[in-house]
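Please look over the sequence and the structure shown here before reading on. The briefing that follows goes through a few of the features one topic at a time.

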Amino acid sequence: MERIPELPNIHPEQLDMPSMDKLAPVGDMNHPPRILMLYGSLRERSFSRFLTHEAARILEHFGAEVRIFDPMELPMAGSVPETHPKVVELRELSLWSEGQVWCSPERHGAITAVMKNQIDWIPLEQGALRPSQGRTLAVMQVCGGSQSFNVVNTMRLLGRWMRMFTIPNQSSVPMAYKEFDEAGRMRPSAYYDRVVDVMEELFKITLLMRGRTDYLTDRYSERSERAVRRIDAQIAKL
């Protein structure tokens, strides 16, 4: 194939020409959207867990199938083999999911070790599969004091690194101890309304992404690398 005069550094045979036709969804979309939820605290009265369950109720009302991973007894990343039951459970849930929700308390201006440990156990690649790539992601945080956005900003960076599509909206709940009753239910407030906004947006964008993630995450650079490897393999056989 001839080179493109205006783009001499591009290999035309590896360049995709995007179109609306290629964005047509493929695969089975008869099941409810699958959402995995992670929270970042092991405390008995955990506000990140309370917020996660509150968000799960909203998603289930919209029609999602929701699974919440319990981080209790998940070993530190790298301390046990990948065959550990909790590691296997987390990775299988990530592969199962089409979207995810991450919710962490803020500790020392950052996400908790509990939250980071869960993310660290999810590999970028698992054989020929990518347990996080192409999933939608919503991020939320709870604060013990005044409102901050340190945690959601950090999780956005992590989501990008994990090749996830993080939605624009987010939730940050200040002085969380005031926002939940004794039963762990969130009280009516502007913060609760924002949680509804975030889950609504996540659900909508997950629906838009379904059946399209393989195409949306197919990259020119990776196609070019695969082509070079194929050529190298053929040369090695000569």
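**Briefing on a predicted model**

Leu208 has its place in helix 5, which covers residues 190-209, and the model in which it is seen is a predicted one.

**Leu208**

- Because its relative accessible area is 58%, and exposed means over 50%, Leu208 counts as exposed.
- Leu208 and Phe50 are separated by 158 residues in sequence, and from C-alpha to C-alpha they are 28 Å apart in space.

- Strand 1 (residues 34-39) runs parallel to strand 3 and is joined to it by 5 bridges, with Gly99 of strand 3 as the bridge partner of Ile35.
- Strand 4 (residues 136-142) also runs parallel to strand 3, through 7 bridges, and its Met140 is the bridge partner of Cys103.

**The largest pocket**

- The largest pocket holds about 540 Å³ of space, and helix 2 (85-96), helix 5 and helix 6 (213-216) are the elements that each give two or more residues to its lining.
- Of the 23 lining residues, Gln133, Arg135, Gly211, Thr213 and Asp214 lie nearest the centre of the pocket.
- Sorted by class, the lining has 5 nonpolar, 9 polar and 9 charged residues.

Key:
Residues are numbered from 1 along each chain as its sequence is written. This is a predicted model: local features need pLDDT of at least 70, side-chain atom pairs count only at pLDDT 80 or more; totals for chains, interfaces and linings use all residues. Side-chain values use heavy atoms; hydrogens and water are left out. Helices (H or I, at least four residues) and strands (E, at least two) are DSSP runs, numbered from the N terminus. Buried means under 20% relative accessible area, exposed over 50%, partly exposed in between (1.4 Å probe, protein chains only). Two strands pair if DSSP finds at least two bridges between them. On a 1 Å grid over the protein atoms alone, a cavity is a set of points where a 1.4 Å probe fits but cannot get out, and a pocket is an open set with protein on both sides within 12 Å along at least five of seven lines; lining residues have an atom within 4 Å of a point. Grid points are joined across faces, edges and corners, and a volume is the space filled by probe spheres set on the points. Ala, Val, Leu, Ile, Met, Phe, Trp, Tyr, Cys and Pro count as nonpolar, Asp, Glu, Lys and Arg as charged, and the others, Gly among them, as polar.
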